[in-house]
Amino acid sequence: MPNYSSHLIFNFIILAILFILYQLAGSPLTTPQLALFLLFYTLGSVILTPDLDSKSEALRRCGVACMPYRKLFKHRGTSHHPLWGVASRILYVALLALIILWAGGALGWRFEIDGGSALAFIYLHVKEIGIAGAGLFLSNMLHIVLDKIA
């Protein structure tokens with residue numbers, strides 16, 4: 001089984017190749033959209049990896065916030081599924097965010113998203129959410145592929 005460093009090297013070599021192909025395709029994304037993809041690809045490669053379900057470098061980097069995730073999922077189970085693994089981590093992070101927002105609200109903090117609701121925000125930014133999701137999904141798929149071939 002490849003270690004954390006092997007996964008990072010593999011993911012970023014593939015990213016470099018994809019970036020060259022992206023440039024040859026004429027850079028179809030805006031600079032902020034590309035930055036969003038790169039941010040979430042990196043996040044998926046460094047912290048939100050399928051190995052959050054084990055005692056791994058990714059878990060150490062994530063810290064105490066990800067300990068419950070490790071307890072919920074057995075190693076190489078749901079977390080390593082191509083679709084459900086990414087979905088489980090996105091839902092887990094969303095749950096953590098909701099807990100933080102709820103605690104902040106209980107302390108009297110006010111949170112507004114563009115002055116409207118979260119659903120309105122999602123509707124207005126569906127393309128950016130898809131780009132961020134694609135970055136997470138691709139980095140996680142490459143992790144799973146390397147686990148299978150190595």
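This is a guided tour of the structure shown above, stop by stop.

**Before selecting anything**

The model is a predicted one, in which local features need pLDDT of at least 70, side-chain atom pairs count only at pLDDT 80 or more, and totals for chains, interfaces and linings use all residues. Residues are numbered from 1 along each chain as its sequence is written, and side-chain values use heavy atoms, with hydrogens and water left out.

**The whole chain**

The protein has seven helices and zero strands; helices (H or I, at least four residues) and strands (E, at least two) are DSSP runs, numbered from the N terminus. Along the principal axes, the C-alpha atoms occupy a box of roughly 50 × 45 × 20 Å.

Next, colour by pLDDT, which is the predictor's confidence in each residue, from 0 to 100. The average for the protein is 88, and 96% of the residues score at least 70. Where is confidence lowest, and where is it highest? The lowest mean, 77, belongs to helix α6 (residues 118-124), while the highest, 95, belongs to α2. Where pLDDT is low, the predicted coordinates should not be read in detail.

Two packed helices are described by the angle between their axes and the distance between the axes. Here, axes are lines fitted to C-alpha atoms, for helices over the stretch in contact, and angles run from 0 to 180 degrees between N-to-C directions.

Select residues 4-24 (α1) and residues 31-46 (α2), which pack at an angle of about 160° with axes 10 Å apart. That angle makes α1 roughly antiparallel to α2. (Angles under 35 degrees count as roughly parallel, over 145 as roughly antiparallel, 65 to 115 as roughly perpendicular and the rest as oblique.) Show side chains at the contact, meaning heavy atoms within 4.5 Å. On α1, the contact residues include Leu8, Phe12 and Phe19, and on α2 they include Leu34, Phe37 and Tyr41. By class, this contact of α1 with α2 has 12 nonpolar, three polar and no charged residues. (Ala, Val, Leu, Ile, Met, Phe, Trp, Tyr, Cys and Pro count as nonpolar, Asp, Glu, Lys and Arg as charged, and the others, Gly among them, as polar.)

**Second stop: α2 and α7**

The axes of α2 and α7 are 7 Å apart, at an angle of about 35°. Among the residues in contact are Phe37, Phe40 and Gly44 of α2 and Ile131, Gly135 and Leu138 of α7. The contact of α2 with α7 divides into 10 nonpolar, six polar and two charged residues.

Keep α7 and select helix α5 (residues 84-106); their axes come within 10 Å and cross at roughly 130°. The two helices, α5 and α7, are therefore oblique to each other. Val86, Arg89 and Ile90 in α5 meet Leu136, Phe137 and Asn140 in α7. Four of the residues in this contact of α5 with α7 are nonpolar, one is polar and one is charged.

**Last stop: the disulfide**

Finally, select Cys62 and Cys66, which form a disulfide with their sulfur atoms 1.8 Å apart. A disulfide is taken as a pair of cysteine sulfur atoms within 2.5 Å. The structure holds one disulfide. With 45° about the S-S bond, the link of Cys62 and Cys66 is right-handed.
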